[in-house]
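Reader: I'm new to this one. Could you walk me through how to read it?

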Amino acid sequence: MLFPAGSWPTDQEDYPAEAPVTTLDLADILDSGLPNPTIQKPKADTTSAAWTLLDEHQRNRAADASLRSRIADRNLMSRTILVTGGAGYIGSHTVVALLERGHDVVIVDNLSNSSPKAIDAIEAITGRSVVFHEVDLTDFEALGTVFEQHPIEAVVHFAGLKAVGESVEKPLWYYRTNLVSTMNLLEQMAAHDVWELVFSSSATVYGDPEVLPIPETAKTSTTNPYGHTKLIIEEICRDLAASDKRWSFSLLRYFNPIGAHRSGELGEDPRGIPNNLVPYVMQVAVGRRDQLEVFGGDWDTHDGSGVRDYIHVVDLAMGHLAALENLEPGCEPFNLGTGTGSSVLEIIKTTENVTGASIPYEIVGRRDGDISTSLADPTKANEKLDWRADRSLDVMLADSWNWQSKHPMGFDDQAE
Ligand code: NAD
Ligand code: UFG
């Protein structure tokens, strides 16, 4: 295999992470003479492809540092940020980015879809501690005590349920969890004089898009209760911003987040059978599942399989940092995607190249509610947030594999 378990070349600068960046910029990093002497050589059974990915990783780190630096130039203040759902997949990666930027973080999570080991991993990666409250956001009083205990200045809101199929089966649970949680949060924010929110929305709000790539101005519509909760929350934020000029909202419409932290210590850890493509493919690669079902081979795409805009979760995390630091009064949606599409068959092929494992698959019928193609127009975020998702599909899948091969059973195997 190209990168067997544990053979992924590591970059010691990245894990533990560097100290919060304040004045470093791209030129400083390049001047420091990359490749950096602290980088370990790939182990014997890796090939030049490993070095190619490592080179790209160097560029990615430089770009991240450059973004942190540009942000720091504008606003040197470190703040206390409440992150709801911060133990989850995207939340945990965003907490790492916030801590590395120098912010203090308070996580609220009920651990219904995450592990406390994610918080240990965040602290190991960053070398910083995080305040964690195991609280359910539907509990208004408990949430209020969190606001009373900490000088919270802004909120990044990830907490919620996210499985489309499950939302069709249990709509009330989805409406209660996602809507009541968000309304409690907004009421507690106003009661404690906190007016800045970055919200996890989704490309699902575009339904079956009429225009590709999709701009933020595209028509919105959804076909399932999960998607409805995202659209309703977007409307609530818009109405609040119109009612009171103190509110600043950024609605981040994610396309398809994949990948993992470079260390392989944080990643996506779905419970049960994965709904999403890449976690499923990784479980086939690591031997937990026999084969993948490809949902439809007759879509109107270049190879007949569905096309999506996959984005590295660390690029997505950096997008939150950029959104937070660029919040303005009002309510603005932003697409967070790369603008490049990949098909299911391309994901399979690239995973085989990166892992060396074979991914057996069978093309079956289309999945209910699926669409042919979803592709972001990220121009608005590129320009207004000064942010760009640069990591390649190779790096996304190599990082997913690094996490999966180190932790075949997810966080639960760490005690072994
Ligand atoms: P995740 O399930 O890994 O993280 C969500 C976290 O919220 C979990 O840690 C869970 O325990 C917590 N949580 C759920 N209900 C809660 C409650 N009532 N009180 C407190 N904590 C609660 O999911 P993720 O993939 O990290 O997604 C984060 C957000 O991004 C979600 O709002 C999701 O809808 C949105 N989103 C995700 C994707 C994706 O593909 N992963 C795409 C678009 C949008
Ligand atoms: N797919 C398969 N086999 C699988 C799983 C998925 O062929 O076992 C295909 C799908 O048909 C689709 C592509 O892989 O063509 C991606 O599917 P995902 O389930 O990974 O992602 P979706 O684009 O369907 O949905 C995801 C989240 C939604 C979110 C949306 C946009 O699950 O919640 O991205 O952000 F709204």
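Author: Start with a facing pair: Leu 252 stands opposite Phe 334 in strand S11. Strands here are DSSP runs of E with at least two residues, helices are runs of H or I with at least four, and both are numbered from the N terminus. This is a predicted model, where local features need pLDDT of at least 70 and side-chain atom pairs count only at pLDDT 80 or more, while totals for chains, interfaces and linings use all residues. Residues are numbered from 1 along each chain as its sequence is written, with chains lettered from A and ligands numbered from 1 in the order in which they are written.

Reader: How many bridges join S6 to S11, and do they run parallel or antiparallel?

Author: Two strands pair if DSSP finds at least two bridges between them. Strand S6 (residues 248-254) and S11 are joined by 7, and they run parallel.

Reader: Is S11 mostly covered or open?

Author: A residue is buried if 20 or more other C-beta atoms, placed from the backbone, lie within 10 Å of its own. In S11 (residues 330-336), 6 of the 7 residues are buried, so by that definition the strand is mostly covered.

Reader: Which residues come nearest to ligand 1?

Author: Being near means a C-beta atom, placed from the backbone, within 6 Å of the molecule. Of the 26 residues around ligand 1, the nearest are Gly 85, Gly 88, Ser 114, Ser 200 and Ser 202. Helix H3 gives the largest share of that shell, 3 residues.

Reader: And which are closest to ligand 2?

Author: It has 22 residues around it, with Thr 204, Asn 276, Leu 277, Phe 295 and Gly 306 the closest. Helix H9 (277-285) and strand S8 (292-295) each give two or more residues to this shell, and S8 gives the most, with 4.

Definitions and conventions:
A residue is buried if 20 or more other C-beta atoms lie within 10 Å of its own, exposed if 12 or fewer, and partly exposed in between; C-beta atoms are placed from the backbone.
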